[in-house]
Amino acid sequence: MGSEARKRSREKLRQQREKEKKAAKRNRTLIVVGAAAAVVLLIVGIGYAILNADRSDGYDGPLADRTLQEDGSVVMAEEGVSAPVVEVYADYQCPACRQFELLNGDVLKEQAAEGNAIVHYRPVSIFAQRPAPISSNSLRGGAAARAAADHGVFVEFNDKLFEHQPTEGNEGFTVDELKEWFRETGADEEQVAEFDARVEAEAAVVTRFVEEFLPELTADATEQIGEETLGTMVLSDLINWGEGNGHDPEFLDGTYTGEIIEATGNAYTRYSGDNMFRGTPSVYINGELLDNNSAMTTRGLTEAIASADEGEVDTQPMGEGDGGDPE
């Protein structure tokens, strides 16, 4: 074999070996990717299985007694029961609150019905300062839930609101929808008439607040006290500042819209330290804030209730005829 032939033979062999190396590398990559994909699928599958295993079986039994409180919150508990107090702060426009409701709404009903817990519903509106329709959805939903509480169907209406929660950024909780859902709770004609009038009045208050009052107040406060200071103020504090600076909030007096704004401000000041209220959903047992592992899983919440001591409700029941009238 001549020198040229040997060169061609060696080059051909070299090229063949390069092809074999590339093929081997490609195969190793495919094996690794395949193994990684299998692990991902396994993890997803396990997570899905755990999530579904953690869901409650649902509860369709009778509800414990529900008592409207002076501050507009609602307590659900068997009469005379001594049990841990589970406080639930939720905003009806909050997607995470809807997820909590889907996971643990029935757990709370069952725990209360069995006398294992005193459930204290505390609706708030953390989105009230956001642009419409997020703000208006949040406030209309909260005011309507409060109106439903006047007629003893807060829990049923609470379920309706979360079932039909509008996608964030889309307008929802219209007056007509709220009226329709209230009728589905089995209300009689007198209750329907009272509820309809109330949600119409509250919707007008919400519109005025979101479209006129709050933008003017915010612009003035930004100019006078600055964005940095404004950013440290909860909405109820901003409204109080506005009252002394030419922004009359009297149209909120006696309204459920004003009540839920006040309830939200109280949530931010009621707790401190590790228990500080930071947003929704926030779930407390006897005043101690639960972490997400406990609050957002059925097993975690059930175990937290079972391991807690007896607690006391820190609000007073509302007397007969104290529902309040909108301005």
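The lining of the second largest cavity has five nonpolar, no polar and two charged residues. Here Ala, Val, Leu, Ile, Met, Phe, Trp, Tyr, Cys and Pro count as nonpolar, Asp, Glu, Lys and Arg as charged, and the others, Gly among them, as polar. The lining residues are R140, A143, A144, L178, V199, E202 and A203. A cavity is a set of points on a 1 Å grid over the protein atoms alone where a 1.4 Å probe fits but cannot get out; lining residues have an atom within 4 Å of a point. Its volume, about 40 Å³, is the space filled by probe spheres set on the points, which are joined across faces, edges and corners.

This is a predicted model: local features need pLDDT of at least 70, side-chain atom pairs count only at pLDDT 80 or more, and totals for chains, interfaces and linings use all residues. Residues are numbered from 1 along each chain as its sequence is written, and side-chain values use heavy atoms, without hydrogens and water.

**Salt bridges**

The structure holds 14 salt bridges, each a side-chain nitrogen of Lys or Arg within 4 Å of a carboxyl oxygen of Asp or Glu.

| Pair | N to O distance |
|---|---|
| E87 and R122 | 2.8 Å |
| R122 and D314 | 2.6 Å |
| R183 and D196 | 2.7 Å |

D71, E87, R122, R270 and D314 are linked in a salt-bridge network. R122 counts as buried because its relative accessibility is 4%. Buried means under 20% relative accessible area, exposed over 50%, partly exposed in between (1.4 Å probe, protein chains only). R183 is partly exposed at 40%, whereas D196 is buried at 12%.

Conventions. 1 Å grid on protein atoms, 1.4 Å probe; cavity = no way out; pocket = protein on both sides within 12 Å on 5 of 7 lines; lining within 4 Å.
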